[in-house]
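Let's take a friendly walk through this model together. Please keep the sequence and the 3D view open side by side as you read.

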Amino acid sequence: MTPNYVKLVADTPLPRIALCRQSFAATRIDDPAAAVAEAMQAPCVGKIRPGMSIAITAGSRGLAVFPELLTAIVAEVRARGADPFVVPAMGSHGGATAEGQRALLAKLGVTEEVIGCEIRSSMDTVEIGTLDNGMQVRMDRHADAADGIILFNRIKPHTSFRAPNESGLAKMLAIGLGKQSGAENCHSRGIDNVGIYASRMARMKLDRCKVLFGVGTVENAYDQLSRVVVLDSDGLLEAEAPLLQEAMANMPRLPVGPLDAPTASGQLDVLVVDEIGKEFSGTGMDPNITHRYSSPKMPAHLHISRLAALGLSPLSNGNGNGAARADVVTARLEAAFDREAVYANALTSQVLVQAKIPMVMPCDRTAIQTAVKTCGAEDIGQARLLRIANTLKLEYLYASEAMLPELRDRPGFEVVGPLEEMRFTDDGRLANPWPDPA
């Protein structure tokens, strides 16, 4: 029996859409192993000595060619006569369990068989010290017991705060290697202060732990590897800061607002996001793209009246963090939502809003109809709507008929498909296809 609330949206007209393509300036590295080998010619890599046990960090974020990069780092360490192993460094992710963090790495393609070394996963930590305010600074026990630590992570803007160091090597050291307890401590004074305390914790660990250097990556607007760098532990935070600015400049954007503005801006009636997930953003949907931030202190220049999220990526292992930023989701997304994974993340970060579930509709069709019906446009049949696959890959998108006049002449933008009706399968799944990956 169809619920009455579903009947209320059943007659909502949906705008016609056309497949479009954006182009961004981009540098791409096609041989990650060669890039790692070149970067590891840095003098600080000479700190590796034969016979040393070396802990290499691996996080929960989706990185371009993640297994290939990690495999190359492992090989470079072993070539210098040391004994490498990998430590999951992801705070509370993976349900805040050792097994969950190992499983999350496997979902991202990182297994012992692939990378060629042992993965030592534990939630046990040791106390490194305390900050002036009494906040404990904690470290993964496997990493602390090693003869040396190599930090490895992508450098990128954070989703909830602004600071000289955001997501990258410093945060991996402060929060990722702090495991659940360390991450919880860093978040205990609120999300707006995480950047401050993460920096202080990272500096203490650089002073007191056996961090040798960091291997950082920067990606282009197409989610492709564009740079590999090695940063010495001495001066690491200062060296990472300009790479964060480079990563910010590389980010893709929705085609709304002036191109010369630093980010998308203005008004959009409806955004449809096919899939959310941890490999797209730590918050499932990157608020640097949607401008739906957890913190009111983050500047939002783009206002999206209604946002519909249709599915949760299988690689997320049920971590539906990010669904809360939508206005409506589907029943299949709700069914994939694992409270164990989401709640552990929310309690650790103390951002409880991320654990919420919005209005749930039975299928893609009814979720999109709900968003269109309530978007506030004068003529919902002419709603300004965009559809994206996720917030990480924005090269291809669908735009509604009402948006095409403003987009056709936009530099770097082309309409590549005909205007067509939104098509759905018998069970209500959106069926207008995406181009095959290159």
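C363 is buried, its relative accessible area being 14%, where buried means under 20% relative accessible area, exposed over 50% and partly exposed in between, with a 1.4 Å probe and protein chains only. C375 is buried too, at 6% relative accessibility. C363 takes part in no disulfide, and its nearest cysteine sulfur, that of C375, is 18 Å away. A disulfide is counted for a pair of cysteine sulfur atoms within 2.5 Å, and by this rule the count comes to 0.

A word on the source: this is a predicted model, in which local features need pLDDT of at least 70 and side-chain atom pairs count only at pLDDT 80 or more, while totals for chains, interfaces and linings use all residues. Residues are numbered from 1 along each chain as its sequence is written, and side-chain values use heavy atoms, with hydrogens and water left out.

**The chain as a whole**

The chain has 15 helices and 16 strands; these are DSSP runs numbered from the N terminus, helices being H or I with at least four residues and strands E with at least two. The radius of gyration is 22 Å, close to the 22 Å that the globule rule gives for 438 residues, so the chain is as compact as a globular protein of that length. That radius is taken over C-alpha atoms, and the globule rule is 2.2 Å times the number of residues to the power 0.38. Along the principal axes, the C-alpha atoms fill a box of roughly 70 × 40 × 40 Å. Buried residues account for 59% of the 438 residues. Among contacts with a separation of 6 or more, 73% link residues 24 or more positions apart, a contact being heavy atoms within 4.5 Å.

**The sheet of eight strands**

An open sheet of 8 strands runs in the order β13-β12-β11-β10-β14-β15-β1-β16, with mixed pairing. Two strands pair if DSSP finds at least two bridges between them. Its edge strands are β13 (359-361) and β16 (413-415), each pairing on one side only. Strand β1 (residues 17-22) is mostly covered, with 5 of its 6 residues buried.

In the loop between α13 (339-349) and β13 you will find V351, which is buried at 10% relative accessibility. V351 and S295 are 56 residues apart in sequence, yet their C-alpha atoms are 9.0 Å apart in space.

**The sheet of six strands**

Another open sheet has 6 strands in the order β4-β3-β2-β7-β8-β9, again with mixed pairing. At its edges stand β4 (118-119) and β9 (225-232), each with a single partner strand, so one side of each has no neighbour in the sheet. In strand β8 (residues 211-219), 9 of the 9 residues are buried, so this strand is largely enclosed by the rest of the structure. N153 has G216 of β8 as its bridge partner, and F213 stands opposite D232 in β9. β8 and β9 form a hairpin with 5 residues between them, and D223 in the turn has a positive phi of about 65°.

Here are some of the strand pairs from both sheets.

| Strand pair | Sense | Bridges |
|---|---|---|
| β10 and β14 | parallel | 4 bridges |
| β1 and β15 | antiparallel | 5 bridges |
| β1 and β16 | antiparallel | 3 bridges |
| β2 and β3 | parallel | 6 bridges |
| β7 and β8 | parallel | 6 bridges |
| β8 and β9 | antiparallel | 7 bridges |

**The nonpolar cores**

In soluble globular proteins, nonpolar side chains tend to be buried together. A nonpolar core here is a set of buried Ala, Val, Leu, Ile, Met, Phe, Trp, Tyr and Cys residues joined through side-chain atoms within 4.5 Å. The largest one has 40 residues, of which M139, I149, L151, L173 and L177 touch the most other members. Helix α9 (residues 194-208) supplies the largest share of this core, 7 residues. Leaving aside neighbours within four places in sequence, L177 has contacts that include T57, V87, M139, I149, L151 and K205. A second, separate core of 38 residues includes L63, V86, C117 and V215.
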